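Me: I have a structure open and would like to go through a few of its residues with you. Could you start with how the terms are set?

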Amino acid sequence: MKWSKKIYPCITTGPKQSWRHKIYECDRLGITAVSVFPTFLGIKERKKLYSALEESNIQYIPHVHIRDDFEKWELDFFFNKYGTRYFNFHEHS
């Protein structure tokens, strides 16, 4: 595999961050490739994020930061729909 030297903007989540606005900004700026960090979202809110991603112009998501409660279908969603090949998570010590 060839090393990619690209930097991707991120759709992040957090108590004071709006992932909806970040998707809007990506669409407005013509950004079609991003990383996604749904770190602060439970499954109900992640489903809303996934629907919004499908309705956006985003076509490629090379990297997703996952949580320990992710379900297999979520990994399959990113792998199959957006070509995601890199997933990471925080280790719980």
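Reply: Helices (H or I, at least four residues) and strands (E, at least two) are DSSP runs, numbered from the N terminus. This is a predicted model, in which local features need pLDDT of at least 70 and side-chain atom pairs count only at pLDDT 80 or more, while totals for chains, interfaces and linings use all residues. Residues are numbered from 1 along each chain as its sequence is written, and side-chain values use heavy atoms, with hydrogens and water left out.

Me: OK, where is R46 found?

Reply: R46 is found in helix α2.

Me: And is R46 buried or exposed?

Reply: R46 is buried, with a relative accessible area of 0%, where buried means under 20%, exposed over 50% and partly exposed in between (1.4 Å probe, protein chains only).

Me: What does the side chain of R46 make a polar contact with?

Reply: The partner is the side chain of E74, at 2.7 Å; a polar contact is a pair of N or O atoms within 3.5 Å, and within protein one must be able to donate a hydrogen and the other to accept it, with residues adjacent in sequence counting only if both atoms are side-chain atoms.

Me: Switching topic, which residues is L53 in contact with, leaving aside neighbours within four places in sequence?

Reply: With those set aside, L53 is in contact with I11, I23, I58, I61, F78 and Y82, contact meaning heavy atoms within 4.5 Å. L53 also lies in helix α2, which covers residues 43-55.

Me: How many residues apart in sequence are L53 and Y82?

Reply: They are 29 residues apart in sequence and 9.9 Å apart in space, C-alpha to C-alpha.
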